[in-house]
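Here is a friendly tour of some charged side chains and metal sites. Have the structure open as you read.

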Amino acid sequence: MINESLLDKALGAYLGFACGDALGATVEFMSPKQIQRRYGVHRDIIGGGWLALEPGQVTDDTQMSLTLGQAIIDHRGWNPIAVADGFLEWFESDPPDIGNTCRRGLERYRKTGELLGPPREDDAGNGACMRNLPVVLATIKRPDYFIEWSLQQSRITHNHPISDAATLALGCITGQLLNGQTVDACYRVAENLISEYPEFAYCPYPGESSAYIVDTVQTVLHCFFNNEDFESCLTATVNQGGDADTTGALAGMLAGARYGVQNIPKRWLNRLDFTVSDTIHAQTPVLIDIAQCL
Ligand code: MN
Ligand code: MN
């Protein structure tokens, strides 16, 4: 029997993530000024962008998350080879977009079968952090598994201490919210991250929102902590431009876990690609059920 408030927040996080991806993709790689000139404030899921998407279509962020979620569900738990195989199968399906670090990692996995790449200075992109939500959902009662699974899925493509730290911090904040903790608990997680890696400090907000994990996390935390509802949090995030689909997705994950699915604007939920929203509705209770059984 699934706790209704947990399901509401978990669906909020997963659907919020996909909405942020679909909303942000329109303005990915634009500057805030360019967005303002073209859209005023960008606040609707209209597709387009450099990928020429249909309205409601999602990108690699959501696709990789769904792939990870499906691998967990298919194996009723953790099987890192199935996760890597899932990512590789997705990569070979010729997706609309894929980050360079993900591509390099999956090419290595295809060639060598190694689940872990060598540490690299340039592995500090946001590609591992962005796809970790299914792990958070499936390990909601098991912090030890949360750390182990998060790091294993991350290092298939990203082997860098600040990518690891960010993946764990954003996942931990999401988990706290799903477990009914207040925003104060989230501040403490952010403070711990910054005390270990001061480069993540987001106050005052430096204003960069690239795919570099530091810029991504600063943007997401700044917008999450300085907005009081789902819609304004996501709107503020994606209007920073840059890696807007990924910052939008991660802000949607946090805001959805905080405010619940009821607070995602209906016009966004109704726009989201039906296959994607059906898959999220199907995966979410199963991932939570797996968490209850671990
Ligand atoms: Mn993307
Ligand atoms: Mn992106």
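Let's start with Arg142, which pairs up with Asp144 in a salt bridge. Their closest N and O atoms sit 2.9 Å apart. Keep in mind that this is a predicted model. Side chains of opposite charge can pair when their charged atoms come close.

Now look at Arg258 and Glu228, whose side chains meet in a salt bridge with an N to O distance of 3.7 Å.

Another pair to find is Arg267 with Glu231, a salt bridge at 3.0 Å, N to O. Arg267 lies in helix 13 (residues 266–271) and Glu231 in helix 11, so this pair joins parts that are 36 residues apart in sequence. Both ends are partly exposed: Arg267 has a relative accessible area of 35%, and Glu231 comes in at 24%.

## A network, and the total

Salt bridges can also link up in this structure: Arg104, Arg120, Asp122 and Asp123 are connected in a network of them. How many salt bridges does the structure hold? The count is ten.

## The manganese ion called ligand 2

Time for the metals. Which residues hold the manganese ion (ligand 2)? Its donors are Glu28 (OE), Asp243 (OD), Asp245 (OD) and Thr246 (OG1), at distances of 2.0 to 2.5 Å. Along the chain, these donor residues follow the spacing E-x214-D-x1-D-T.

That spacing shows up in the fold, too: Glu28 is in the loop between helix 1 (4–24) and helix 2 (32–39), whereas Asp243 is in the loop between helix 11 and helix 12. The two are 215 residues apart, so the pair links distant parts of the chain. Glu28 is buried, with a relative accessible area of 7%, and Asp243 is buried at 4%.

## The manganese ion called ligand 1

The manganese ion (ligand 1) is coordinated by Thr59 (OG1), Asp60 (OD), Asp61 (OD), Asp97 (OD) and Asp245 (OD), at 2.0 to 2.8 Å. In sequence, the donors of this manganese ion are spaced T-D-D-x35-D-x147-D. Here again the site brings together distant parts of the chain: Asp97 is in the loop between helix 4 (80–92) and helix 5 (100–112), and Asp245 is in helix 12, 148 residues apart. Asp97 is buried, with a relative accessible area of 7%.

## One residue, two metals

Which residue coordinates both manganese ions? That's Asp245, which bridges ligand 1 and ligand 2. The two manganese ions lie 3.4 Å apart. As for Asp245 itself, its relative accessible area is 0%, so it counts as buried.

Technical notes. Residues numbered from 1 in each chain as written. Chains lettered and ligands numbered in written order. Predicted model: local features only at pLDDT ≥ 70, side-chain atom pairs only at ≥ 80, totals over all residues. Heavy atoms only, no water. Salt bridge = Lys/Arg side-chain N within 4 Å of Asp/Glu carboxyl O. Helix = DSSP H or I, 4+ residues; strand = E, 2+ residues; numbered from the N terminus. Buried < 20%, exposed > 50% of the residue type's maximum accessible area, 1.4 Å probe, protein only. Donors = N, O, S within 2.8 Å, 3.2 Å for Na, K, Ca; no water.
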